[in-house]
Amino acid sequence: MTERARVDNARAFVLHAYPYRETSLVVEAYSRDHGRVALLARGARRPRAALRGTLIQFQPLLLSWAGKGELRTLVKAEWVGGGPMLRGAALLCGFYLNELLLKLLAREDPHEALFDRYAEAVARLAGAGEVAPVLRAFEKALLAELGYALSLDRDALTGSAIDPARTYTYEVERGPVPVADADGAAAVFSGRALLGIARGDYSDPETATQSRALMRLLINHRLERQTLHSRRIFADLQTL
Amino acid sequence: MKAPSSLEELAGALRCLPGVGPKSAQRMAYHLLQYDRAGARRLAAALTVAAERVRRCARCNGFTELEVCELCSSPKRDPAQLCVVETPADLLMVEQTLAYQGLYFVLMGRLSPIDGIGPKEIGLDLLAKRAADGVVKEVIIATNFTNEGEATAHYVSEMLHARGLKVTRIARGVPLGGELEFVDTGTLAQAFYDRRPT
C-alpha cells in the first residue's frame with residue numbers, strides 16, 4: 001500500500017476519539033477511500049477549538065490529513081451535515097457498529113461499499129424505525145466485505161436448497177447443515193429464518209431472534225479472542 | 001552509568017500519571033532529585049496523606065475527607081434538586097454559575113461502550129439509591145454534550161423516570177454572547193434541531 005503524504009476532503013466518520021496530551025485528541029476515523037486511519041487533532045480539546053463541535057461520531061465529515069506512519073496529523077475537518085444526533089438505544093447501537101469496525105477492520109484497508117452501508121445504517125438509526133433490522137443488515141454486509149459472506153440458500157452437506165420446514169445448524173466455515181435431532185445441537189436455525197436472512201427480511205419474530213444468534217456466532221468467530229464491550233454494556237443497561 | 005534502582009522505581013511510578021511516558025517520567029525523576037529534594041519530600045508526603053484520607057462522599061460520590069462532604073451537608077442548599085455531573089471539575093463549573101442551589105451527584109465518568117465503561121463502572125446504582133431518598137423532587141442531568149454524555153443522560157433519565165422522579169436535561173445551543181457567524185457548524189445545527197417555541 002503506497003503512503004500518500006496528504007489527503008484532502010476525504011468522506012469520513014469519527015469512530016472513536018481519546019484524549020492525547022493536554023489539549024489534543026487522537027481520532028479513529030473511518031474514511032470511504034482510505035479505510036480506517038488514526039489522526040492526531042492538535043489542540044482539539046482547547047476551550048474554544050472549532051474542531052470540538054465537529055469531530056463527533058455519527059456525523060458525516062470531510063477530513064483532510066497529512067503525514068506518514070501510524071498516526072497522521074488532521075489538517076481540517078469539515079461538517080457535511082447529516083441527520084440529527086443519535087439518541088437513546090439507537091446511540092448505543094451506533095457505538096456497537098463503531099466497535100465492530102474498530103475491531104474487525106484493519107487500518108488503511110478501504111471498503112467503499114461497506115462505508116456506504118455504514119452511512120446508511122447511521123442515517124437509519126437516527127430515524128424513528130426499529131434498530132434491529134439495521135444492525136442485522138450491517139452485520140451481514142460487514143461479514144461479506146471481510147470475505148465471509150453468509151451462505152444461506154444451499155445446505156453445506158448436500159448442496160440442496162434450504163427447506164423452510166427443516167432445522168439447521170450453521171457451521172462457521174461451511175454453512176447450514178441439516179440436523180435431525182435439534183436437542184443435541186448448540187444453536188439451531190429454521191430453514192424459514194435462514195431464507196428470511198438471505199432476503200434481508202427480518203419482520204418475522206423467529207427470523208429476528210435467530211438472525212441475531214447467527215450473526216453473534218459468526219462475529220464472535222471473526223473477533224477471535226477480542227470481546228465486544230458494547231454488547232455487555234447494552235445488556236447491563238437493560239437491568240437498570 | 002546505570003541509573004540506581006530507586007531512581008528507576010521513581011520514574012516507573014511517575015508513569016502512572018496521564019500523558020507521562022518513559023522520557024517525561026525520567027525527566028521528572030531527575031528534576032526532583034537534582035534540583036528539588038524539598039519538593040520531592042513534600043510531594044511524597046502530600047500523596048501519602050491524600051491517598052490515605054480522601055474518599056468518596058456517601059451522598060454525592062465526589063471527593064471528600066469527611067463521611068458526607070461540606071456541600072452535601074450545607075443547610076443552605078435545596079435538597080429537592082439533584083444535579084448529575086460527570087466529574088468534580090464539572091461540579092465546580094456549575095457552582096461558578098451561581099445559578100444552581102441544589103445538591104449534586106458526581107458519576108466520576110460517563111458511559112463509553114467502546115472503552116468498556118458501562119453502568120457498573122460509573123456509579124449508576126449509587127445514583128439510583130441517592131435519588132430515591134424521598135426528598136429529591138427533580139434530577140437535573142448535566143452530563144457533557146458528547147455522544148458518550150448523551151448516552152449517559154439517556155440511561156440516567158430512563159432509570160430515574162422508572163422510579164417516578166422528574167428528570168430534566170440542561171439546554172444546549174448557541175453560547176451566550178455568541179454571534180451565529182462565529183459559532184461552529186455542529187453546534188448551530190443542533191440548535192436548530194433543538195429549537196423551541198417562544
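Which residues touch the most other members of the largest nonpolar core? In this predicted model, they are A:Leu101, A:Tyr118, A:Leu150, A:Leu214 and B:Leu127, out of a core of 69 residues. Helix α1 of chain A, residues 88-104, puts in the largest share, with eleven residues. Apart from that core sits another one of 21 residues, including A:Ala12, A:Leu55, A:Trp65 and B:Ala189.

Let's look at B:Leu127 for a moment. Setting aside neighbours within four places in sequence, B:Leu127 is in contact with B:Leu82, B:Val84, B:Phe105, B:Leu107, B:Val156 and B:Met159.

Now for chain A as a whole. Chain A has six helices and eight strands. Reading from the N terminus, the order is β-β-β-β-β-α-α-α-β-β-β-α-α-α. So much for the layout; here are some overall numbers.

| Property of chain A | Value |
|---|---|
| Box filled by the C-alpha atoms, along the principal axes | roughly 65 × 45 × 30 Å |
| Accessible surface | about 11,500 Å² |
| Distance between mean positions of positive and negative charges | 8 Å |

Of the 240 residues in chain A, 46% are buried. As for the accessible surface of chain A, carbon and sulfur atoms account for 50% of it. The charge tally for chain A is 32 positive and 28 negative.

One last item is sequence separation. Take the contacts in chain A between residues at least 6 apart in sequence: 53% of them join residues at least 24 apart.

How values were computed
Residues are numbered from 1 along each chain as its sequence is written. Chains are lettered from A and ligands numbered from 1 in the order in which they are written. This is a predicted model: local features need pLDDT of at least 70, side-chain atom pairs count only at pLDDT 80 or more; totals for chains, interfaces and linings use all residues. Side-chain values use heavy atoms; hydrogens and water are left out. Helices (H or I, at least four residues) and strands (E, at least two) are DSSP runs, numbered from the N terminus. Buried means under 20% relative accessible area, exposed over 50%, partly exposed in between (1.4 Å probe, protein chains only). Contact means heavy atoms within 4.5 Å. Accessible areas come from the Shrake-Rupley method with a 1.4 Å probe; for residues, only the protein chains shown count as cover. Lys and Arg count as positive and Asp and Glu as negative; His and the chain ends are not counted. The place of a charge is taken as NZ of Lys, CZ of Arg, CG of Asp or CD of Glu. A nonpolar core is a set of buried Ala, Val, Leu, Ile, Met, Phe, Trp, Tyr and Cys residues joined through side-chain atoms within 4.5 Å.
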